[in-house]
Structures are given as C-alpha cells and as structure tokens.
Amino acid sequence: MPSTPWWFAVLLRGLPRSVRERHGAEMRELLFEQLTLARAQGGVAVALTAGRVIRDVVLRIPHEHFRRLKRRHSGDGSMLNSLGFEGRQAGRALLRQPATSLLVIAMLALGIAANMLVFSMINGLFLRPLPFAESERLVYVNETAPKWNLEFTGINFPDFDLWRKNQRAFVGIALYGTDNFNVAYGELSERVEGIWTTHDYFGVLELKPVIGRTFLPEEDKPGGSKVALISYDLWRARYGGSESVLGREIRVNSASHTIIGVLPEEAAFPNDAQLWVPLAADPAQSWQSYFLDGVGRLKPGVTAEDAQKDLLRSHQAIFEQRDQDKTVTPRVLPLREHLVGEFRTIAIVLAGGVAIVLLIACVNVSSVMLARSAARERELGIRRALGAGTGRIARQLLTESALLSVAGAVAGVLLAAWGMQILLGSMPEGTPPWMHFGADLRTVWFAIGVAVFTALIASLAPLVQATRSDANGSLAARASGKSSPTRLQRRTLDSLVAAEIALACVLLVGGGLLLRAYQRIQNVKPGFNPENVLTFRITLPIAKYGDGKDRVLYFDRALESMRAVPGVTHAAAVTCPPLTCHNGNFLEIEGAPPRQEGQQDPVVLFRIATPNYDEAIGLTLKHGRFLNQADQVDRAPGVIVVNETFARTFFGDANPLGKRARMRGRDAPWLTIVGVTNDVKHYGLDQPMRPGIYLPWSQSQPNSMALVIRTGVEPSSIAPGARSALRQIDPELPLYDLRTMNESLRNSMSLRRMYSWLIAVFAGVALALAIGGIYGVLSYVVGQRRREIGIRMALGAHRGRVLRLVLRHGARLAAIGITLGLLAAVAVTRLMATLLFGVPPFDPVTYGAVVGVLTATALIAAYAPARRAVRVNPQTVLRD
Amino acid sequence: MKRHHFYILLSLAGRDRHGLDVMRDVLELTEGELKLWPATLYGSLDELVDAESIQELADAAARPAGESEKKRYYRITAAGRAALVQETRRIEALAGIARLRLTEG
C-alpha cells in the first residue's frame, strides 16, 4: 500500500467514522491512482488533481454527516429538521447585526491565531516525536564537572570505552562529535557539516541506510579502513541518486574515503549533517580530551536517572585510577530535554501570554454576546411566549456562538498560517533540521479544541442570562423597549470588563519587562568594535598541512594577501572570534596558594591570535602590550595576554604583568603575562564572561582559524576579493562561516528578539481587545440608560455631571482591573526572572508605564460613549 | 437522476465492479470527461445502496473469481436496472426533441 499524503489523511478525518472505516482504504488507493495518472502529465496536473480532491472531500463532509444523522433518525426527522432550523435561524440573527458579528469573529480570530502560533512552536519543540523509532527511550550522555564550573565537559573516549563494556541500562550507547569537513569530489570542493561517530551510533538511533551499510566495528578502530556515509541530500545533489555511488571515493579533509552507504533524511541530527565518518578513537590514548557527545538507547522501563547511576557504577575504576577527587562524573538526561530544555521557560511564558490573549478574547466575546442578548430579550421573550422552551432558546444561543466560533477559528487558522510564515523567517540561524513547526494532526486537534473552548466560554454568560429571565416579566417589561438592563446583567458586564483589564495588565507588565531587558542588552558594550569587520573561517586538512610550520606559513600568506585586498585596513587571525566557539582549559598560576576543598576551579577561555588581532577586532589594551611579531617565532619565550576578568579572578587588585601561568597536569612551560585587555562578550551580550587569554603561534599551531578583517569600506563588499586571493594560495580550501561581526551580533540576539516581540505583540493585542471591551460595554450601558440620563438632565443635571458619571464608571472598572492585574503580575513575572537580564521583576518604570497606559486608554475608550450620553436630548427621550 | 449516479449504474450494468474499477470504467465511458473523485464516488455508492439501486456483494461466492477480498464489490439490482432504463429513455426522448428543434431551426 503506497503511503497516503498527510493532507488527505487529515481530510478523511472530517468524514464520519463509519464512512472512513468502510471506504478509507479504497479511497486512498483511488487517490493514489489519480495522482499517478496526473504525475505523468507534470506538476500542474498533480496540483490540479490535489485541488479537485480536496474540494471534493471538503464539499462532501457536511453531506455525509447529514446523511448519517438522517439514517440514525430515520423515520423521525424532527431532530434533524430542528437542527437545520436552528442553524438558519442563528445565521439570520447574526446577519442582522453584521458589525457585532464581525467584531466577535475578529476578536476570536486574533485569540485563536496567537494560540495556534505558539502551539505550533511548542508542538515542534516538545510534542512532536524526534524522527527516530521510540525516541522517548533515547538519552543524551555526557560528563559533568561542577567543581570546574562546567555542566558538560564533553566525554573522554577512554571513559566511554569503559562504560560501554560495563553498562547494563542501555540497549546501546554511542559517541558522536559534530564537525565541518572539507569535501572534494574530483574538481569540486565544498564545506559540509558532518559527524564523527562510533560504529554503534546508527544502531542506537535505529537508522537504516537507504542503500549500502553502516560502519563495522573494525572500521571504528585506529588504522581502520577509511569509509564514509553520505546524506540523502548529498547523494541526490552530487551523485544524482545513483546506486553506483557505493564504493566510490570521496576526499574528506584531503584524505580519500570509500562511500559505503547513504543515510535517510531524518539522519540529519543534531546538526544538518551531510557526512559521517568513523571516530576510530583509541581507548588506550594517553591524553585526556573531553569533547565528545554521547547518545544512548535505554532498555525498556529504565529511566535516565537509573542509567546515570549505572554509568556511575561503571565509572568506579576511573575514580580509582586517575580521578581520586571524583571531579568528572557521567551525566544522563532525556535526549529531548537536552535538545530543547533551554527553551522551556520561553515556551511557558509564551504559552501563558497567548492563553491570556485568548481568555481576554473570550471574555470580550462573552460580554458582547451578553449585551446583544440583553438587547434581544424582547425577541427571545416573544419566542418563549409563543411556546419555545428554555432548552430550545439555549440551543439557539449555543448555535449562534458555535457559528461565530467556527468562523473565528477559520479566520484564526488563516491568520496563524500567515503569522507562521513571518515567524519562520525570523527564526535564529542554524535552527536544526529536525525541528519542524508545520501543521500536523495535533495542530488540527488543537485548533478544534480551542474553537470548542471559545464557543463554550463565549456563550456561557448569555446562556445563564437567557435561562434565568422569565417569559412574562420580560415580555411585559420589554414590550415598550424602554427598560434598562437588570442589576445582574450590569454587574456581570462590569466584572467581565474588569477581568479583561486585569488580564491585559498582566500581559503588558510581562511584555514591558521583556522589552526593557531586550533594550538593556542592546546597550551592553560588546567589548570590541563590530563596525566594518568581516570574519570567515579556514580549516587546513591535517593530511596536507601536518606540520605546524606549514600551517603558520599558510595563515601568514593568507593574512598578507588579505592586507593587499583594496579596502582592508587590518587583517588578523584567531581561533575563536567573539560569539563563536569555546576552547576551555585550566591554568596553574605560579605561586598561587593551593585551592581549598570545594573551591571552584575556573575554566579559562584559550584563544590563539596573531599580532594586530587587537586592532582588527577593536580591543582596548588596559596594561602592557598585545602579542607582537617577536612572540610568534618558534622557541620565543612564552607569553600570554589576559583579559580583565582573568586579572581580577587570579590576582585581585594586584598588577598581573610579569606574573606567570601554565597549563595544568603536564610539564608545560611557564607563560609570562605581558598585557591585559578589556573583556569581550564572547558568549553573547546577555552572558557573563569567563577568564580568557590570548596565546601566540609559538605555543600551538591550530589548523582551523577565523580571519578577522577590518575594512574602510562596507565589509561584505570585500568577500569576493578575499575569496579569489585565497584561491590563489590553495584552490582546494573553501572559506566558510563568512559573516560580518554585526550579523553575528544580530544572530546572537535573534531568539530573544523573537520572543520579546511576540510577547509585546500579544500585549498589544490584549490592550486592543480590552479597549474594545470597555468601549462596547459602556456604549451598551449608555444606550440602555438613555432614559435615566434624559430624566436626570430634564431635572437639571449639568452636562459635565453626566459626562463625569459615565467616565467615572469607566475609571472605576479600570481601577479595579488594574489593581487585580498588578497583584497577578507580581506573582506571575517572578517566573520570568531568568529571562529578564537583571531588570527587577518589580521594575517601577514598567509598572508605572503600564498603569499610565491602561488608565489613559480606558478613559479614552469611555470618552466616546460619555459624549454620546451628553448628547441625549431629554425631550426626545421623555416623549418616546 | 444525478449524473454520476447514472454513470455508476451504467458501469455496473455491464458487470460487478469495485469502486476503483467503476472510476476507471466511467473515465473510459466518458472518454476522460467525467472523473469520479474519491468522496463523491464512495458517497454515491453508499447512496445507491441506500436507495436499493445497487447492492454490496457480501459473500465470497458472489464475488467475481480471482478478485481480492479486501475490496467491496457492487452489483446492480433489478430496481437499479429499471431506474437506469427509465433514465435512458428520458435522455433519448430529450435527445429526440433536441434533434428535432435543431433541424427545424
């Protein structure tokens, strides 16, 4: 059986279950045949066919449900007839007040759209299963070192090897490390994302290759044969999807590898991996390197905590051999939590925000409907007098709100689809491929659920109202149409409006605080000058540049050629420019007292830099000097330049110049501190800085460096010149991660920008809805009290007094709402503290502004009805 | 009579068929002009069963030999055949009148 397109599956859900069960399979087959026929005629025909099928099923859905009902009630058409009657009746009633109906639909659409939008995100992050079989049994494995101030250290291969042999909790565990590879196919070369893995990785994730096979254990050993797996995309793009790809050679980082298989699309995890190569690590390696990630599949019924205990047990030998302090221990947590855990607070805040918007929309609709039903009391009274039972009237009101909610839901879904486009456009760069935010069955059910919920809430108040009023009383009282709303009605309306203002107040405070935090972060000085700086990265394949001298030579030549490009003022290279990678290490300070028990050992950020890096990125030198050409020479005396945090952390107020430090654990040479620079916001504007140092070439010759180019012209304009200059040095080397420093800064802020603005937009929508509510209810009350107002004025009440009467009513509602709202906000914003970047949750500026805005808008919303009240002509009112 | 009901009956008048087969046959009968889309086709089949113009073949013996059991087969009833004949006569009469008018004009 061929697979059914998802949209058809969704459509079929609309049909009655009996029809689906009887004909579903055959309908799918029919669709398949029609699509196959159309495919022979090209893409347009397929689209047309799909369109016709959708139309066919959609039009048929109500018909089939009607038929089913008819069959069920065969011989007794009354129920059905009555349903049809009510539908028509409700439709007519709504059309009689088109403005009100449109208003209600628009309010519902806004509320529903906001909820759909946020739900799609929550669905994509937390609910949709990861693209692997039984993904709830997958866990992320790493090592943790609280004493080093590190949540994750990365896994040391010998540790892993021991775990793998001794563990009992897992079906399997595997290691992986993400990386970028230079890949060359004949003439062509490019930079692709890829993964180093142990051979068991694919078994753990239960990934089956599309063609070929995955790695064998013997290929995952030092000196094992060089093999590679490629992605489905790469297979299609570079090899035309041909099976002859198996056994072909591919050059990875200038070393020849044999392609042994193609992995399916869902294998692109956790990055957009195109290539997989065996890790081939040596369990007997003498050095310690904590950098790999681990993934495991738990045995059924085993929890992540159990698994962590199991690994800890397997780890005992390491504690005994080389970690008596028990500094580094295994850490296991559910895979999804590792992947999306950081979004949890944001998701909760956003979900809370939209829930409030929806509640306000419901309250608003409820009050509008209540006002409407009160105005229709006469009509309902007549119907009741003519023999319509309470049930029947209630059913009519329910049908009306159901119609409105369906219309609102449809409009809301369309609005959400549009909003989603905008939102996806503003997603942070590097959103992993397994995160999908498109619609699925869950979204459909959610939309239906929200629509039903709003229909119920929106019809609650009028329903209570309708069932309470008695036929005789209302008919008699309303025959003349001169009555005012009952006390109960007025009190209900008033409390609904106050509730709305309170809810809007909570959201405004939340949105205001987030925007204040965003603004505060934007004013943070990055510690470097991002204007007119272009950065890109070059990685030299070890196969070709095995000797450190060759690497130094290459980068020297590259920088020389960059300085010759017109418009370039400074060119320098560094291992990790701001906002990119992290390379942490531990330092031993000469003469420092031994650390106390339990004292944290700070991780130091290591960066290898060329002279002039300070000028190229725009650092400020605080003391001493930056690295110079003499430092770079082989066997030059070891020097380092440190940042202010380093100086403060290790030397307090003392002058660090001339002090010495060295790498811990090995017989490393002492390095003399020759300069102190300012701190750079290396991990993001809203993140704290670690102690950091800059080292010269003479200490280490990395094969991957970022070139930092300061220009006198628009920085991106020199990219083509830079590219061609580098091609002349080595045509096989692609440059990548090309961006201006300003782009990097913007990217680092995009997630915060997105959620801060979303909440602000929701707050704006809530405010607009609340204003609408105040205006609507006061207009209604003024309309109903025209007679009373007329009499007051006839008895000599001053116009100003009448104006104040209505305004005071609005102000009273606002005051109650704001008071309640502020109390709620104080409780709620505490949850957001982690997102506020030092803005106090009780920030007086935000609270003051919200009170001001709400009071002002409430009074403006009350002013129009108040003016109308003043214009009441006592004579006309009294004559009626 | 609805147009697609007519064609479905006409298709079943030849022999017993399943839904997909009806769709193919009608496509051929009308030279590709009438394509029966899924919901309409199976909805119409249900309607015709309700109207007792056709019947679903329940037992395996009634099924055409060598056909799969997964698919539902339909057979036209006497009433269905009568309705088809009546509709055909109506169309014939209509065609006659039309032809007369057109030659007169």
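Guide: Two residues are in contact if their C-beta atoms, placed from the backbone, lie within 7 Å. This is a predicted model, in which local features need pLDDT of at least 70 and side-chain atom pairs count only at pLDDT 80 or more, while totals for chains, interfaces and linings use all residues. Chains are lettered from A and ligands numbered from 1 in the order in which they are written, and residues are numbered from 1 along each chain as its sequence is written.

On chain B, 11 residues are in contact with 14 residues of chain A. Two or more residues on this side of chain B come from each of α2 (19–29) and α3 (38–50) of chain B; helices are DSSP runs (H or I, at least four residues) and strands likewise (E, at least two), numbered from the N terminus. The most, 6 residues, come from α3(B). By class, the side of chain B that touches chain A has 7 nonpolar, 3 polar and 1 charged residues. Ala, Val, Leu, Ile, Met, Phe, Trp, Tyr, Cys and Pro count as nonpolar, Asp, Glu, Lys and Arg as charged, and the others, Gly among them, as polar.

The loop between α2 and α3 of chain B holds B:Glu31. B:Glu31 is not a glycine, yet has a positive phi of about 55 degrees. Most residues other than glycine have a negative phi. B:Glu31 counts as exposed, with 7 C-beta neighbours inside 10 Å; a residue is buried if 20 or more other C-beta atoms lie within 10 Å of its own, exposed if 12 or fewer, and partly exposed in between, with C-beta atoms placed from the backbone.
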